[in-house]
Amino acid sequence: MNKITIITVTYNSAKTLADTINSVNTQTARQHIEYIVIDGQSTDGTLSIIEQNSASIDKWISEPDKGIYDAMNKGLQMASGQWVGFLHADDLFYDDKVVEHILNAANNNECNLLYGNLNYINGTPEQKVVRFWKSQPFSAKLLKRGWMPPHPTVYMKKDLATIIGAFDTSYRIAADYDYMLRLFMHPQSQSHHINETLINMRLGGVSNRSIGNMIQKSKEDYRALRSNKVGGIYALLVKNLSKLQQFF
């Protein structure tokens, strides 16, 4: 079975990181996981949590970086698995069989790109689902209509990631969207939708923390759409409006 690299990027993530690490360690396919943690020299106790769990972390570093996308690029460079993806420091796998499902899909389909569905959960201990992001099989037309996959669920073959290259750190908030557009539009990409919930993602991401960030995110999304020749204002509007259906 393929080895899969899971990368967690942290910066002052002490409140949630232990849960994220435990989510990796309880996977039924744990023996097939290479786990990497990239820390931006946290000051809140994150480093202590990493050190306490170092036996279950294959590679980790703690050093200054230029932001989350710079740290994600470091993780990609360190990855040695045939497949690679990200589990952010405030996210969790939906259950203990998620990596098993991903690896089975990788073995049973002609693809180099996998993705699934996602729950948005609140930050309370109950982890109540407040929004469900159901995806669908990919077609190029979907991107032009503002569609994108739930990016925390995306896993790709390492050789495809090498072809796509690094996250563009000139984006402050939307480098992940730019990366998804580059990834799914690439002629060598062969995607497969796993119609299962893969990730529980806590609310409170950078792009939604303020009106200013939401405006900045829209500006960067528009730039990504234009620079990748996918669409423009129409795609951006549909992209934002399509989020409403995820609440129902």
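Is I36 buried or exposed? I36 is buried, with a relative accessible area of 0%; buried here means under 20%, exposed means over 50%, and partly exposed falls in between (1.4 Å probe, protein chains only). Before going further, please note that this is a predicted model, where local features need pLDDT of at least 70, side-chain atom pairs count only at pLDDT 80 or more, and totals for chains, interfaces and linings use all residues. Residues are numbered from 1 along each chain as its sequence is written, and side-chain values use heavy atoms, with hydrogens and water left out.

I36 is found in strand 2; helices (H or I, at least four residues) and strands (E, at least two) are DSSP runs, numbered from the N terminus. Although I36 and W60 are 24 residues apart in sequence, their C-alpha atoms are 5.6 Å apart in space. Leaving aside neighbours within four places in sequence, I36 is in contact (heavy atoms within 4.5 Å) with residues including T5, I6, I7 and T8. K59, G75, M78 and A79 are also among the contacts of I36.

The largest nonpolar core has 68 residues. Such a core is a set of buried Ala, Val, Leu, Ile, Met, Phe, Trp, Tyr and Cys residues joined through side-chain atoms within 4.5 Å. Helix 7 (residues 175-185) gives the largest share of this core, seven residues. Those with the most contacts inside the core are I6, F93, M156, Y179, L183 and F184. Not counting residues up to four places away in sequence, M156 touches L76, Q82, W83, V84, N112, L113, A161, Y179 and L183.

## Salt bridges

Side chains of opposite charge can pair when their charged atoms come close. A salt bridge is counted when a side-chain nitrogen of Lys or Arg is within 4 Å of a carboxyl oxygen of Asp or Glu. By this rule the count comes to six salt bridges, and the table shows some of them.

| Pair | N to O distance |
|---|---|
| R202 and D19 | 3.4 Å |
| K59 and E34 | 3.0 Å |
| D221 and K217 | 2.8 Å |

R202 lies in strand 9 (residues 191-202) and D19 in helix 1 (residues 17-25), so their pair ties together parts that are 183 residues apart in sequence. R202 counts as buried at 11% relative accessibility, while D19 counts as partly exposed at 38%.

K59 is partly exposed, with a relative accessible area of 28%, and E34 is buried at 4%.

D221 and K217 both lie in helix 8, four residues apart, about one turn of the helix. Both of these residues are buried.

## On the surface and in the loops

Which residues make a nonpolar surface patch of about 300 Å²? I211, M214 and I215 do. Patches are made of residues with over 30% relative accessible area and no salt bridge, with like charges joined within 9 Å and nonpolar side chains (Val, Leu, Ile, Met, Phe, Trp, Tyr) within 5 Å. Accessible areas come from the Shrake-Rupley method with a 1.4 Å probe, and for residues only the protein chains shown count as cover. I211 is found in helix 8 (residues 211-227) and is exposed, with a relative accessible area of 59%.

Finally, two loop residues. N12 has a phi near 50°, a positive value in a residue other than glycine. N12 lies in the loop between strand 1 (4-10) and helix 1 and is partly exposed at 31%. K229, with phi near 55°, lies in the loop between helix 8 and helix 9 (233-241) and counts as exposed at 70% relative accessibility.
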